[in-house]
Every structure is written in C-alpha cells, then in structure tokens.
Amino acid sequence: MNSVFETLSGTQLPFSVEMFPPKGQLTLDAARQVVAGVAKARPDFISVTCSAGGSGNSSQTVDIAALIQDEFSIPGVAHLTCVGATRAGIEAEMARMKAAGVGTVLALRGDLPAEGNAAGGDFRYAKDLIPLLKQEGFTVAAAAYPEGHITCLSPQDNIRHLREKQEAGADFFITQLFFGNEAFYRFHEPALAAGVGAPIICGIMPFLGKSQIQRMIFMCGSSLPAGIIKLLAKYEDDPAALRQAGIEYACEQLVDLANHQVDGVHVYAMNHPDIACAAADALADKGFRA
Ligand code: FAD
C-alpha cells in the first residue's frame, strides 16, 4: 500500500490537489479525464473526497484513488467519513482500500445530518476512527481548522481537538480552506506550542464567483479579507475576470505560504485541472517546485 507520508518527507514543498468523484454516470471515465489534466501539475498526491453517509458517487472514492495510482503513478489518498458508520462498515471499507492498494486515508467525521436525523453509528469524532486505520497499517491524515471548525467556538478547544487527533495516530493534517494566510500563521504557532508536531498542509481554494464564496464562508466559517471583497466588487459584472482574479489570489496565497516554509500546500481544485496547473506554475515560477 502507498504511504504518502514517505513521499512528502522527500519533497521540497509538498504540493497536492483535491478532487471529488464526478457526478452522474460513468464516474470513472469522467474522473480519468480530470486526473489526466491534474496530473500535468505533477502533484505529490491527489486526494479524493467522499460524501458523509455515502451519498452521491462517493462509493467510487476508492476506485478513483486506485485509478490515480494505477494509471497515472501518482499516490492517491481516499477520504473516509465515519459519521453514522458502524465498525463493520468501516472494516469493509478498509478491506476495499487494501485490496485496491490505497494506503493513505484522510480520516474525517463528516458533517452531522440535519437536525432531526440522528447520526447514530459507532464513531463520535474523527479521532475515534484514526486508531482503527492505524491498526490496519494505513498512513492517516486528518483535518485541521486554522479558524476553528464551524461548531468549535474556542481556539483552545480547536487546538486540543487537533492534538487529540495526533495522539490517536494522525501522521499529518490538511487544513480547511482559508482566504487570509494570517489566519493560518496565528493558528500554527499555538498549535506547535501545544505539541502538534505532525506536518500541517495548508488547503487553499480559489474563489471562482460570488455565490461559491458565500457558500464557503457560511459552510466553513472562514473569514473574508477586505482584498477579496474589493475584487468581488470590482469584477461583479465580469464572471470570467472574477474567476481569473480568484485563481491569481490563490496563487499569491500559495507563494506566500511557501515563503513562510509551511509543511505543504494542498489545492482544492474542484475538478478544474487549470486551477491545479496555475498553482503548480506559480510555485515553480518562484522556485518552489522543480
Ligand atoms: P472531528 O475532528 O471529529 O471534529 C468535529 C467537531 O467536533 C469539531 O467541532 C471539533 O472541534 C469537535 N470535537 C472534536 N473532538 C472533540 C471532543 N473530544 N470533544 C468535543 N468536541 C470535539 N467532509 C466530507 O463529508 N467528505 C470529505 O471528503 C471531506 N473532506 C474534507 C477534507 C478536509 C481537508 C477538511 C478540512 C474537511 C473535509 N470534510 C469532508 C469536512 C468535514 O467532514 C467536516 O468539517 C466535519 O464537520 C468535521 O470533520 P472532522 O474530521 O474535522 O471532525
């Protein structure tokens, strides 16, 4: 099974990309096209999301992670949520991953179902899933929240929960998106001071339009720097220019993070290969990628 962690330790600036299982029929064919485009950015790994509770095409997460490895020789990382899951269900999923040669998992709780639909299941938090994955020999990533998870109001609790995931066995972290790098730097220092020594890879998502960014800030509780608000106003009537501005803004964020010698950067490319390639090019231009 692959271990992304080993790949990361030998890389100047680990650079990875997230994709999701394409919607509709023929998911694997559509995924292959996305991966072929993203592969041009030469990421150190590509992670594949899954929907909590297995909705949508997330039954294909493992197959897509395997396709990334088998057909493109890029390590694939499978996201795995545990909300509402039974231990037996997770064991079956781990067996599928092993059979497919997918050795690195992003262990997540997943969002709780809407009020009134009790989640149930054998796991309360992501930290409860991590030891099971470690026991089976997986390399495990977990989620980190520079501005705190939307339901976590205390920065101290945020860091405590992060440390608990490390203590449960998380090998590295990938962050929730943030639009202002200061938010990450403000969070990273106390996290290190609290003993969170596992690498934390910074997740960056370019804004592509006003409705997308609105959805993101309400879903994730991310703050919106004035610079972005001004760009949204400037390009209000020009979606193509706004998209380009969003990609350029994200590239500037990535270069600034690289200058601050972060442990790695992860691009939420939303199945748009041009975003992954623009990010890789921006980092290469500044000498952070070969
Ligand atoms: P947890 O770490 O379990 O945390 C959940 C909440 O509980 C937080 O508020 C936390 O502070 C709190 N908490 C943790 N431990 C304790 C404790 N001991 N006592 C009290 N409170 C505690 N979702 C998907 O459905 N599919 C995906 O593919 C997916 N990919 C993601 C990738 C990344 C990089 C990130 C950052 C998020 C992703 N998500 C995904 C979203 C994620 O599932 C949600 O944010 C979810 O609500 C929390 O998941 P978690 O693993 O961080 O949960």
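Predicted model: local features only at pLDDT ≥ 70, side-chain atom pairs only at ≥ 80, totals over all residues.
Residues are numbered from 1 along each chain as its sequence is written, and side-chain values use heavy atoms, with hydrogens and water left out.

**Around the ligand**

The ligand is surrounded by 25 residues. A residue counts here if one of its heavy atoms lies within 4 Å of the molecule. The closest are Cys50, Asp111, Tyr145, His161 and Lys165. By class, the shell holds 11 nonpolar, 9 polar and 5 charged residues. Ala, Val, Leu, Ile, Met, Phe, Trp, Tyr, Cys and Pro count as nonpolar, Asp, Glu, Lys and Arg as charged, and the others, Gly among them, as polar.

| Residue | Protein atom | Distance to a ligand oxygen atom |
|---|---|---|
| Arg109 | backbone N or O | 2.8 Å |
| His161 | side-chain N or O | 2.7 Å |

On its own, the ligand has 970 Å² of accessible area, and the protein covers 85% of that. Areas come from the Shrake-Rupley method with a 1.4 Å probe. Strand 3 (76-81), strand 4 (104-108), helix 5 (126-135), helix 6 (155-168) and strand 6 (172-175) each give two or more residues to the shell. Helix 6 gives the largest share, 3 residues. Helices (H or I, at least four residues) and strands (E, at least two) are DSSP runs, numbered from the N terminus.

**Aromatic pairs**

The structure holds 5 aromatic pairs. Rings of Phe, Tyr and Trp (its six-membered ring) pair if their centres lie within 6.5 Å; planes under 30 degrees apart are stacked, over 60 edge-to-face, and the rest tilted. Phe184 and Tyr185 form an edge-to-face pair, because their planes stand at 75°, with ring centres 6.1 Å apart. Phe184 is buried (under 20% relative accessible area; exposed is over 50%, partly exposed in between), at 0%. Tyr185 is buried too, at 16%. Ring pairs link Phe178, Phe184, Tyr185 and Phe187 into a cluster.

Phe207 and Tyr249 make a tilted pair, with centres 5.9 Å apart and planes at 55°. Phe207 sits in the loop between strand 7 (200-204) and helix 8 (210-220), and Tyr249 in helix 10 (residues 239-259), so the pair ties together parts 42 residues apart in sequence. Phe207 is buried at 0%, and Tyr249 is buried at 17%.

Methods: Polar contact = N/O pair within 3.5 Å; in protein donor to acceptor, adjacent residues only side chain to side chain. Buried < 20%, exposed > 50% of the residue type's maximum accessible area, 1.4 Å probe, protein only.
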